[in-house]
Amino acid sequence: EHGFIVIGSQYRGSSKNPHPDFDDEFGGADVEYILSLTRLIPSIDGADASRIGVLGASRGAMQSYIALRAGLKAKALVTIAGNTDLKAGLSFRPEMENVYKQRIPHYAAQGSEQLKERSALYWIDELEASMPILLLHGEEDKRVASFHSVNMADKLKALHRPHKLVLYRGDDHSLNQNRDAALQIVIEWFKQH
């Protein structure tokens, strides 16, 4: 409807009957699934592999940053309720450590290192400097605190990187009160970039 082709995948190991050799690693080897999708683009009628925009929400935002760090080439990035500092996020939502223990390989012995590898705030300077980043976040998000996007915007500003931060007062993790407005901003961002 707006001139985009959208592709995506479930997270590895997220089905009801996951394959035992393909566990969810919460931003580990499962990021290869995102990278693999880009290899399909040339075979999609009307798709242009030189004009990729990446959209990730919540954990998907974290995985989008990681995929970009791993070599995914994109013209623009949009994050919604993106988790950018997993260790700091534990102070807001400590129960997430149970998820990390179950899904992140070597977490027991290398917890801090593993969280840092999944936290774009620490290595955002490794991404393409010219790639514009749109950060959307609800201020009443109970799953991923809005400080993740605020801190990332501050870091991007310090690095003189193109970005825009939009906070939705009183809104939640899924931007339920502003869904249509947020979608319009996303569409405009991708059309512009």
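Lys142 is exposed, with a relative accessible area of 60%; exposed means over 50%, buried under 20% and partly exposed in between, using a 1.4 Å probe and protein chains only. Its side chain meets that of Glu140 in a salt bridge, at 3.5 Å from N to O. Glu140 counts as partly exposed at 40% relative accessibility. A salt bridge here is a side-chain nitrogen of Lys or Arg within 4 Å of a carboxyl oxygen of Asp or Glu. Side chains of opposite charge can pair when their charged atoms come close.

Before we go on, a word on the source: this is a predicted model, in which local features need pLDDT of at least 70 and side-chain atom pairs count only at pLDDT 80 or more, while totals for chains, interfaces and linings use all residues. Residues are numbered from 1 along each chain as its sequence is written, and side-chain values use heavy atoms, with hydrogens and water left out.

**Salt bridges**

How many salt bridges does the structure hold? There are eight, and the table shows some of them.

| Pair | N to O distance |
|---|---|
| Arg39 and Glu32 | 2.6 Å |
| Glu126 and Arg69 | 2.9 Å |
| Glu140 and Lys142 | 3.5 Å |

Glu126 lies in the loop between helix 5 and strand 3 (133-138) and Arg69 in helix 2, so this pair ties together parts that are 57 residues apart in sequence. Arg69 is partly exposed, with a relative accessible area of 29%.

Arg161 is buried yet has no salt bridge, and Asp125, the nearest side chain of opposite charge, is 6.1 Å away. You will find Arg161 in the loop between helix 6 (147-158) and strand 4 (163-168). Setting aside neighbours within four places in sequence, Arg161 is in contact with residues including Ile124, Asp125 and Glu128; contact means heavy atoms within 4.5 Å.

**The whole chain**

The protein chain has seven helices and four strands, which run α-β-α-β-α-α-α-β-α-β-α from the N terminus on. Its radius of gyration is 16 Å, close to the 16 Å that the globule rule gives for 193 residues, so the chain is as compact as a globular protein of that length. The radius is taken over C-alpha atoms, and the rule is 2.2 Å times the number of residues to the power 0.38. Of the 193 residues, 41% count as buried. Among contacts with a separation of 6 or more, 68% come from residues 24 or more positions apart.

**A few residues to look up**

Glu117 lies in helix 5 (residues 107-117). Which residue is 90 residues from Glu117 in sequence and 8.6 Å away in space, C-alpha to C-alpha? That residue is Gly27. Beyond its neighbours within four places, Glu117 is in contact with Ile66, Arg69 and Trp123.

Phe26 has a positive phi of about 45° although it is not a glycine. Phe26 sits in the segment before helix 1 (32-38) and is buried, with a relative accessible area of 7%. Ser58, also not a glycine, has a positive phi of about 60°; look for Ser58 in the loop between strand 1 (53-57) and helix 2 (59-69).

Conventions: Helices (H or I, at least four residues) and strands (E, at least two) are DSSP runs, numbered from the N terminus. Lys and Arg count as positive and Asp and Glu as negative; His and the chain ends are not counted.
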